[in-house]
Structures are given as C-alpha cells and as structure tokens.
Amino acid sequence: MNNSEKNNINQIIDSLNAEIIDEKLSALILQDRFISEIEELMEVNGNMSRKVLAEKLNTSSSYITQLFRGKKFLNFLTLSKLQRIFNIQFKIEAVSNEKIESDNFYFEGGNQELLIKLINKNRKAIFANIPQPSYDMEINEISENEDIAA
Amino acid sequence: MKNVTKITESTNKRVVIYVDTKEANNIFPFLFEGNNMQTFLRFKSLVFENGRNSELYRKEDISEQHKNTYSIRFTSGKNQNDRIYCLEKHDGKRNIILAKLHENKRSQHVNKQIKSILKNISIKNYE
C-alpha cells in the first residue's frame with residue numbers, strides 16, 4: 001500500500017469521526033439514551049405497549065414510533081409526563097468530554113485494500129454526504145480508473 | 001476472528017463491531033448512502049453504552065434455528081425498511097458481526113426469505 005492510499009484511508013476515518021460531531025446526530029444519540037430508559041421502563045411496567053404509553057401521554061402510538069426512530073425529538077414537557085407516568089426522575093449528570101476517550105474507527109491489515117476500492121468506487125457520494133473535519137487536511141486525489149491491487 | 005473485519009470497538013473494549021468480510025462489498029457502500037451512516041453511528045453509540053431501542057437494533061431470534069440474530073433497522077432511507085442482519089457472539093466481550101444486508105424489505109412480517117437469511121447467519125462459523 002502506498003502513501004497516497006494510506007492517506008485516503010486516514011481521510012475516510014477522519015470523515016467518519018467528523019460525522020460524530022454533527023449536531024443533529026449528537027442530538028439523536030442524546031435522545032437515544034432517554035429512549036433506552038423509556039423502553040426498559042415499558043418492559044418492567046408489564047411490557048407496556050406503545051399504544052398504552054401513547055394514551056397516557058395523550059398522543060398517538062405513531063408519534064412514539066417516530067421518537068424511537070429519531071424522526072421526532074423529545075421535548076421537556078413529554079419528559080416531565082414520562083417521569084409522572086413511570087414515577088421516576090431522570091437523573092442528570094454533566095461529564096467532561098476530557099474524561100471520555102473518543103471511539104475511533106479503524107480497519108485492520110489486509111482488508112484495507114478492499115476498503116480503498118470501495119472508497120474510490122463511492123468517493124463522490126462519500127465526500128458529498130459527510131461533513132469534512134474543520135481542520136485543514138490535504139486530500140490526495142486518486143483517479144477513478146486507477147487500479148489498486150487487492 | 002476469521003472471515004470478519006474489525007470496524008470499531010468501545011473505549012472499554014467490551015463491545016466490538018465487525019463486518020463479514022465477504023459482505024463488506026455490499027454493506028460499506030450502503031452505509032454511505034443517504035442517512036444510513038447516521039443510523040449506523042446511532043447504533044454504534046447505542047450498543048457501546050449497552051442501551052436499547054427496538055426501532056434501531058432488534059433481536060430477531062424467532063426460534064432456536066435463528067439464535068443470536070439481530071437487525072439494524074434503517075428507517076430513514078428511501079425504502080424505510082432496509083436491514084443489516086447481525087450475529088452476536090459473546091466471549092467475555094460482546095462481538096457484533098454485521099453479516100448480511102437486506103434492502104427493500106417489503107413488510108414487517110418475517111417471511112421465508114428472511115428466515116433463511118437468519119438461519120444462515122446463525123449457523124455461520126465465525127471463529
């Protein structure tokens with residue numbers, strides 16, 4: 001594997017990590033922590049159905065599904081109702097990011113060639129859809145027709 | 001593990017995500033389509049924190065033949081019903097293998113084709 005190919009791998013890994021700081025995605029991941037608690041509460045409360053929960057929240061079961069799917073965002077009024085319905089309190093704790101190591105993507109040894117092929121095949125879509133890191137980064141162009149030995 | 005490529009693991013090393021190397025040709029390009037990467041990164045965060053969300057990642061082991069099979073549900077794409085079927089293996093760590101992409105799933109019902117996919121995943125000898 002030459003340096004250009006290695007740089008290309010590093011670029012896609014950086015891009016994947018850059019996606020994690022996307023604000024909407026961060027919000028969805030934060031919401032998923034609440035959803036996880038809600039799903040567990042539904043189970044321990046006699047496998048409460050979404051229909052029953054929706055009735056208690058004075059909303060529809062499709063709205064609950066949209067929350068679970070991340071198509072709608074929870075609001076504080078709903079969270080307050082959930083606390084009352086399940087007789088619980090959501091405990092809030094702020095933890096410094098410095099205490100949480102980032103989870104880096106990486107790809108092992110021989111399979112990097114496969115990944116390079118896939119990146120080159122789909123590179124337009126990849127770089128169009130994924131936000132680029134905010135820091136300066138050299139991008140080594142690889143011809144779409146360039147053959148890379150597997 | 002043989003036949004699989006490690007993609008990522010949690011900071012505490014307790015959860016590891018792999019892809020079936022032969023299926024990577026289908027799975028990686030799919031992940032870069034539309035909002036699929038967003039769904040995948042939500043799934044990653046969810047399993048790393050041992051969270052649960054059955055609209056995102058759901059157990060599919062409908063019988064003994066389909067043991068330890070799960071699906072990541074991609075509901076924000078054009079088809080809104082795409083799946084990546086997974087196998088979980090536990091050896092002190094929670095190993096999740098992205099085993100089979102299934103696009104254009106037409107209903108919530110688990111039909112014969114899906115059962116066959118799950119059965120194949122379940123008996124596949126990932127080492």
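1. Two strands are taken as paired where DSSP finds at least two bridges between them. On that basis, B:Tyr57 is found opposite B:Ile72, a residue of E4(B). The strands concerned are E3(B) and E4(B), the latter spanning residues 69-74, and their pairing is antiparallel, with three bridges.

2. The model under discussion is predicted. Its scores are ipTM 0.85 and pTM 0.75. For chain B the mean pLDDT is 85, with 88% of the residues at 70 or more.

3. The strands of chain B form an open sheet of six, in the order E1-E2-E6-E5-E4-E3, and the pairing is mixed. At the edges stand E1 and E3 (57-59) of chain B, each of which pairs on one side only. Direction ignored, neighbouring strands of this sheet are turned against each other by 30 degrees on average.

4. E1(B), residues 4-9, runs antiparallel to E2(B), and five bridges join the two. Within this pairing, B:Thr5 has B:Val19 of E2(B) as its bridge partner. Five residues lie between the two strands of the hairpin, and B:Lys13, in the turn, has a positive phi of about 65 degrees.

5. How is E2(B) paired with E6(B), in the parallel or the antiparallel sense? The sense is parallel, and five bridges connect E2(B) with E6(B), which covers residues 94-102. Here B:Tyr18 is placed opposite B:Ile97 of E6(B).

6. Why is E2(B) described as largely enclosed by the rest of the structure? The description applies because five of the six residues in this strand, which spans 15-20 of chain B, are buried. The cut-off behind this reading is 20 or more other C-beta atoms within 10 Å of a residue's own.

7. A:Thr59 belongs to the loop that links helix H3 (50-57) to helix H4 (61-69) of chain A. A:Thr59 is classed as partly exposed because 14 C-beta neighbours lie inside 10 Å. Between the C-alpha atoms of A:Thr59 and A:Arg84 the separation is 15 Å, the two residues being 25 apart along the chain.

Definitions and conventions:
Residues are numbered from 1 along each chain as its sequence is written. Chains are lettered from A and ligands numbered from 1 in the order in which they are written. This is a predicted model: local features need pLDDT of at least 70, side-chain atom pairs count only at pLDDT 80 or more; totals for chains, interfaces and linings use all residues. Helices (H or I, at least four residues) and strands (E, at least two) are DSSP runs, numbered from the N terminus. A residue is buried if 20 or more other C-beta atoms lie within 10 Å of its own, exposed if 12 or fewer, and partly exposed in between; C-beta atoms are placed from the backbone. Axes are lines fitted to C-alpha atoms, for helices over the stretch in contact, and angles run from 0 to 180 degrees between N-to-C directions. pLDDT is the predictor's confidence in each residue, from 0 to 100.
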